[in-house]
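Visitor: Could you walk me through how to read the features of a fold, one at a time?
Guide: Gladly; let us look at it together.

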Amino acid sequence: MLDGVSLDQLRIFVAAADEGSFSAASRRLKRTQSAVSESIANLEAQLAVTLFDRSARYPQLTTQGTVLLADARTVVGAVD
């Protein structure tokens, strides 16, 4: 499932999930909010899944996002 996904994409995804918003993740990662949003959108397109439900004020993980989060934490943790 993670073929072709970069470590940077996974770090951004984990930060967005942990922080509860793309703007908070951008502050934590010292990047622009648009860079975080674009990275998440590219990751979703690459995997052909929706990772966040953006219908509310703050993005919520979808079922697919929750599954990916567990794998992403494992990969990022192993690298760190």
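Visitor: How many residues does helix α4 have, and how far does α4 reach from its first C-alpha to its last?
Guide: First, a word on the source: this is a predicted model, where local features need pLDDT of at least 70, side-chain atom pairs count only at pLDDT 80 or more, and totals for chains, interfaces and linings use all residues. Residues are numbered from 1 along each chain as its sequence is written, and side-chain values use heavy atoms, with hydrogens and water left out. Helices (H or I, at least four residues) and strands (E, at least two) are DSSP runs, numbered from the N terminus. The expected span of a helix is 1.5 Å times one less than its number of residues. Helix α4, residues 63-79, has 17 residues and reaches 25 Å, close to the 24 Å expected.

Visitor: What span should the 13 residues of α1 have?
Guide: They should span 18 Å, and the end C-alpha atoms of α1 are 18 Å apart, which agrees.

Visitor: Which residues of α4 are buried?
Guide: Buried means under 20% relative accessible area, exposed over 50%, and partly exposed in between, with a 1.4 Å probe and protein chains only. In α4, Gly65, Leu68, Leu69, Ala72 and Val76 are buried. An α-helix has 3.6 residues a turn, so residues three or four places apart point the same way.

Visitor: What do the buried residues of α4 pack against?
Guide: Here contact means heavy atoms within 4.5 Å. The partners are α1 (7-19), α3 (33-47) and β2 (60-61). For α1, the buried residues are Gln9, Leu10, Ile12, Phe13, Val14, Ala15 and Ala16, and they pack against α2, α3, β1, β2 and α4. In α2, Phe22, Ala24, Ala25 and Ser26 are buried, with a cover that includes α1, α3 and β1 (52-53).

Visitor: Which residues touch the most other members of the largest nonpolar core?
Guide: A nonpolar core is a set of buried Ala, Val, Leu, Ile, Met, Phe, Trp, Tyr and Cys residues joined through side-chain atoms within 4.5 Å. Of the 19 residues in the largest one, Phe13, Ile40, Leu43 and Phe52 touch the most other members. At least two residues of this core come from each of α1, α2 (22-29), α3 and α4, and α1 gives the largest share, 6 residues. Leaving aside residues up to four places away in sequence, the contacts of Phe52 include Phe13, Ile40, Pro59 and Leu61.

Visitor: At what angle do α1 and α3 pack?
Guide: Axes are lines fitted to C-alpha atoms, for helices over the stretch in contact, and angles run from 0 to 180 degrees between N-to-C directions. For α1 and α3 the angle is about 110°, with the axes 10 Å apart. Angles under 35 degrees count as roughly parallel, over 145 as roughly antiparallel, 65 to 115 as roughly perpendicular and the rest as oblique. The two helices α1 and α3 are therefore roughly perpendicular to each other. On the α1 side Gln9, Ile12, Phe13 and Ala16 take part, meeting α3 residues that include Val36, Ile40 and Leu43.

Visitor: Where is glycine 20?
Guide: Glycine 20 lies in the loop between α1 and α2, with a positive phi of about 85° just after α1. Glycine 20 is partly exposed, at a relative accessible area of 24%, and touches Tyr58 and Pro59, not counting residues up to four places away in sequence.
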